[in-house]
Amino acid sequence: MAEQTASARQATLLSHLSVAVGQPQDVLARRCEAAYAAIQASDRRREEAVTELAQMRYSGIAVGMAGIAMAAYLTITQWGRVVEAYSTPLGAVVGAVVAISLALPIIGGALLARADDVDY
């Protein structure tokens with residue numbers, strides 16, 4: 001059965017239990033208790049990782065959106081200064097760096113949205 005299951009966790013559990021089948025009842029009971037405790041600990045770690053990923057994802061998106069909103073507000077209210085600052089060759093480079101810096105938290109949030117707890 002361990003070879004036929006698609007889940008690696010279930011296959012591991014079944015292989016551990018198959019080793020214990022020929023052993024006395026108390027050994028089998030202890031192995032089952034240990035396997036249950038390991039599964040519970042694994043599930044708890046998985047849920048913690050999922051929660052941390054969600055927090056990082058949403059905070060990255062929130063920080064990025066806040067930065068973009070502030071940059072848009074300053075651009076609208078001080079258009080003359082923006083044109084003066086970013087119209088030079090060095091200003092274009094600085095403008096690209098600023099745009100990338102504002103986009104990076106959102107990109108990080110999007111990447112974390114695709115990550116799974118195994119990747120984490």
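The model is predicted, so local features need pLDDT of at least 70 and side-chain atom pairs count only at pLDDT 80 or more, while totals for chains, interfaces and linings use all residues. Residues are numbered from 1 along each chain as its sequence is written, and side-chain values use heavy atoms, without hydrogens and water.

Start with helix α2, residues 25–77. Helices here are DSSP runs of H or I with at least four residues, numbered from the N terminus. The expected span is 1.5 Å times one less than the number of residues. For the 53 residues of α2 that gives 78 Å, and its end C-alpha atoms are 78 Å apart, which agrees.

Which residues of α4 make the contact? They are L102, P105, I106, G109, L112 and A113. From α2 come L53, M56 and R57, among others. Contact means heavy atoms within 4.5 Å.

Is R57 buried or exposed? R57 counts as buried because its relative accessibility is 16% (buried means under 20% relative accessible area, with a 1.4 Å probe and protein chains only). Leaving out residues up to four places away in sequence, R57 touches G109, L112 and A113.

Notes. Axes are lines fitted to C-alpha atoms, for helices over the stretch in contact, and angles run from 0 to 180 degrees between N-to-C directions. Helices (H or I, at least four residues) and strands (E, at least two) are DSSP runs, numbered from the N terminus. Buried means under 20% relative accessible area, exposed over 50%, partly exposed in between (1.4 Å probe, protein chains only).
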